[in-house]
Amino acid sequence: NRRFLLTARPDGTPQASDFTLADAPVPAIGPDEILIRNHYASLDPAIRGWLDDVPSYLPPVELGDAVRATTVGVVEASNAEGFAPGDWVMGLNKIEHYSVAKLGGFTSRIDADIVPSVTNYLSVMGAVGLTAWFGVTEILKPKAGETFLISGAAGAVGSMAGQLGKLAGARVVGIAGGPAKCKRLIDDYGFDAAIDYRGKDVEALTQAIGEACPDGIDLVFENVGGIGLDATLTHINPYARIGLCGLISEYNGEAYGTRNLWQLIARMATIRGFLISEFLDRFAEGGMAMAKLVAEGKLRFDEHIDEGIDNAYPAFLRLFEGSNQGKMILKLV
Ligand code: NDP
């Protein structure tokens, strides 16, 4: 059982030396447990937060333990009612070839026959797809004609959030890194305008956002934070609503003191942090809504799959370098 262990707490951007690949015997299962052969692991920016020993919505990954991740795999052995060998399952497990899950935890069966690829349960039908769905339809609720700005727009969550905004009739503007990603926003995801943040300081970004949003900004789907959020705040309209989904530019500890919070007061705006787990009891509904849009050809999503547990570190790092082209997934089998 090859496992991707956290062996040192990262200081800033995670280094290869913070992790160790180790081989261990395949674990035995106890009562109410299942043994899962993990096929794919979802590499999410949130994992970076779990590596720090700070209070959060989940306990930190313990030093010496395998790094936590959502995985999709096949049941190899089961002592748990409702799970049989051969069943496809997904759950919050670890980056390792075999995981043990206990009944009553976050592991559930999935139907591999209704999707083109089981990886879809980690992308459009998974947490990122649901984050886009509930973030847009429940937190932000865009209306026709509103200007809807999305940061991290070419990524897994951002690209789907933008398309959902377009379906609601909003004018959708995305911020992404580099000309190729900006071109994809327009050509592949149907955004109305795209802003390349790379190489821009807060002043230049403020100007670029102003040019792309001449009527101001009504709604923001914030994935990045840092100078982009600061620049955005100067262009918000009265009663603007900001859905704070992520702050990836700050996850590696690059603190940035937002200077324009005053604009929230001046524009009587709302900033609302949200977690996908708020909508746990509605996941089936959201997954079905996303699957329907895909089946109707109304929603495009991309997956970036790297192979092999030995590549877990470089694959994870892509999220912070911006070299992932779609939902970042690691193939383990
Ligand atoms: P993405 O597929 O968007 O990948 C991460 C992208 O972030 C990179 O490709 C890169 O794109 C961009 N990025 C990385 N570092 C920086 C930086 N310093 N400045 C600006 N952009 C940067 O990942 P996800 O779609 O999985 O996640 C997007 C966001 O959503 C994250 O903040 C994540 O934490 C959040 N999230 C929140 C959830 C919730 O429940 N609230 C659930 C799931 C995700 P580029 O090349 O454009 O720089």
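This note walks through the predicted model in numbered points.

1. **Ground rules.** Residue numbers start at 1 in each chain and follow the sequence as written. The model is predicted, so local features need pLDDT of at least 70 and side-chain atom pairs count only at pLDDT 80 or more, while totals for chains, interfaces and linings use all residues.

2. **Two domains.** The protein chain splits into domain 1 (2-122 + 302-331) and domain 2 (127-277). These bounds come from an automatic or database domain assignment. The C-alpha centres of the two domains lie 29 Å apart. Their contact takes 11 residues from domain 1 and 10 residues from domain 2. Contact here means C-beta atoms, placed from the backbone, within 7 Å.

3. **The domain 1 face.** The side of domain 1 that touches domain 2 has three nonpolar, six polar and two charged residues. Ala, Val, Leu, Ile, Met, Phe, Trp, Tyr, Cys and Pro count as nonpolar; Asp, Glu, Lys and Arg count as charged; the others, Gly among them, count as polar.

4. **The record.** An unreviewed UniProt entry carries the annotation "domain: Enoyl reductase (ER)" over residues 12-330. Such annotations may be inferred rather than shown by experiment. Over residues 12-330 the chain is 27% helix and 26% strand. Helices (H or I, at least four residues) and strands (E, at least two) are DSSP runs, numbered from the N terminus.

5. **The sheet.** Six strands form an open sheet in the order E10-E9-E8-E11-E12-E13, with parallel pairing. Strand E10 (193-196) and strand E13 (270-273) are the edges, and each pairs on one side only. Two strands pair if DSSP finds at least two bridges between them. From one strand to the next, the twist averages 15°.

6. **A closer look at one pair.** Strand E11 (residues 217-222) and strand E12 (residues 236-244) pair in parallel over five bridges. Val220 has Ile242 in E12 as its bridge partner.

7. **Helices on the sheet.** Helix H6 (residues 226-233) packs on the sheet and touches strand E8 (147-151), strand E9 (171-176), E11 and E12. The direction of H6 makes about 165° with that of E11. H2 lies across E11, E12 and E13, at about 140° to E12. Axes are lines fitted to C-alpha atoms, for helices over the stretch in contact; angles run from 0 to 180 degrees between N-to-C directions.

8. **The ligand shell.** Which residues come nearest to the ligand? Of the 29 residues around the ligand, they are Gly155, Ala156, Gly177, Gly246 and Gly322. A residue is near if its C-beta atom, placed from the backbone, lies within 6 Å. By class, the shell has 17 nonpolar, 10 polar and two charged residues. Domain 1 and domain 2 each give at least three shell residues. Helix H2 (127-140), helix H3 (156-167) and helix H9 (312-321) each supply at least two.

Note on methods:
Contact = placed C-beta atoms within 7 Å.
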